[in-house]
Amino acid sequence: MNLIITENYKELSARAAQTVADAINSFVPSEGHPRFVLGLPTGSTPLGMYAALIEMNRAGKVSFKDVVTFNMDEYCGLAEEHPESYHSFMHSNFFDHIDIDKANVHILNGNAPDPVAECAAYEEAIAAVGGIDLFVGGVGVDGHLAFNEPGSSLRSRTRCVELTQDTIIANARFFGGDLNLVPKKAVTVGVGTVMDARTVMVLVNGHGKARALQQCVEGGVSQMWPVTAVQLHPDAIVIADDPACYELKVGTYRYFRK
C-alpha cells in the first residue's frame, strides 16, 4: 500500500485526478479488454477530483471517449432524476462535462424489480469488459467503503444492503437534515468487487476521517473497518490530506511524508 500525504484537499484532488489521467493515457488495449475501465465513487470527497478531471479533459490532457465506468453504489427507492440520486450526482458533477460515451456509463439501478438479478448482472458486466483497471473510492468515518458497512465480508460482491444509522445520519445533510428522507437501503459493489480491480485508490480528507485512515494504515485487517482490505491489495494507493493524518503515529506520518 502506498500512502500519499498531501497538504490540503486541493492538492489531494489534483493528485488523484493526475493518477486517473495517467492511468487512462498509459492504457494499452488488448483482446478482450479494449477499453480502460474506471470505477467511480460519489459523495463530497471526489468532487475536487472530478472538477480537476473536467478541466484536464477540456484542456485536451485526457479523454474519456474510450473509457468505461462503473459506479460504486446507488440508493434504493430514489428515482434516477431525484437530485440526491447517484445517477443525478454523477451526471451533474462529472459525466455531463466530459467527452464520455453515455453508453459506457454503468450505475446500479436502485429501483430494479429484482435487486438480486440487478446485482448479478452488474458483476457480469464488469467481467465482460475485462475487469476494472482503477477503482477510486472514498471512505466513511466508520471505515465503510462504498456502502459496505462495518461487518461486511471482505469477500462480498455486489448486493443490496441496509444502511447503518451512522451512515443515515451522515447523509442526512444531503436531505435537508431530515433522517426520514434518507433511503434506508442501497445497492453496492462488494469489498471483493473493489479489491478485484487492478489498482485501487482511496481518497481520505478531513479530520473527521482521521480514525478511518489510522485503521486503514496502522490497524489490522478487519471486516469491522472494511477499508482495511486495501492492505491486502497488491497495488493500492491511499491519498490523504494532512488533517486526515491526525491519528497516525508520528513515525508512520514521517515515513510516508518522505
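**Close-up 1. Helix 2 packs against helix 3 in this predicted model.** Here helix 2 (residues 47-58) and helix 3 (residues 86-93) come together at an angle of about 40°, and their axes lie 10 Å apart. On the helix 2 side, look for L47, Y50 and I54; they meet F89, M90 and N93 of helix 3. Sorted by class, this contact has five nonpolar residues, one polar residue and no charged ones.

**Close-up 2. F64 and F94 form an aromatic pair.** A search of the whole structure turns up 10 aromatic pairs, and this view shows the one between F64 and F94. The arrangement is edge-to-face, with 5.5 Å from centre to centre and 85° between the planes. F64 comes from the loop between helix 2 and strand 3 (67-71), while F94 sits in the loop between helix 3 and strand 5 (105-106), so that the pair links distant parts of the chain, 30 residues apart. Both residues, F64 and F94, are buried.

**Close-up 3. Y75 meets F175 edge-to-face.** The ring centres of Y75 and F175 are 5.8 Å apart and the planes stand at 80°, so this pair is edge-to-face. Because Y75 belongs to strand 4 (residues 73-75) and F175 to the loop between helix 5 (165-171) and strand 8 (185-188), the pair ties together parts that are 100 residues apart in sequence. Y75 and F175 are each buried.

**Close-up 4. Four rings gather in one aromatic cluster.** Its members are Y50, F64, F94 and F95.

Conventions. Residues numbered from 1 in each chain as written. Predicted model: local features only at pLDDT ≥ 70, side-chain atom pairs only at ≥ 80, totals over all residues. Heavy atoms only, no water. Axes fitted to C-alpha atoms, helices over the stretch in contact; angles between N-to-C directions. Helix = DSSP H or I, 4+ residues; strand = E, 2+ residues; numbered from the N terminus. Contact = heavy atoms within 4.5 Å. Nonpolar A, V, L, I, M, F, W, Y, C, P; charged D, E, K, R; others polar. Phe/Tyr/Trp six-rings, centres within 6.5 Å; stacked < 30°, edge-to-face > 60°. Buried < 20%, exposed > 50% of the residue type's maximum accessible area, 1.4 Å probe, protein only.
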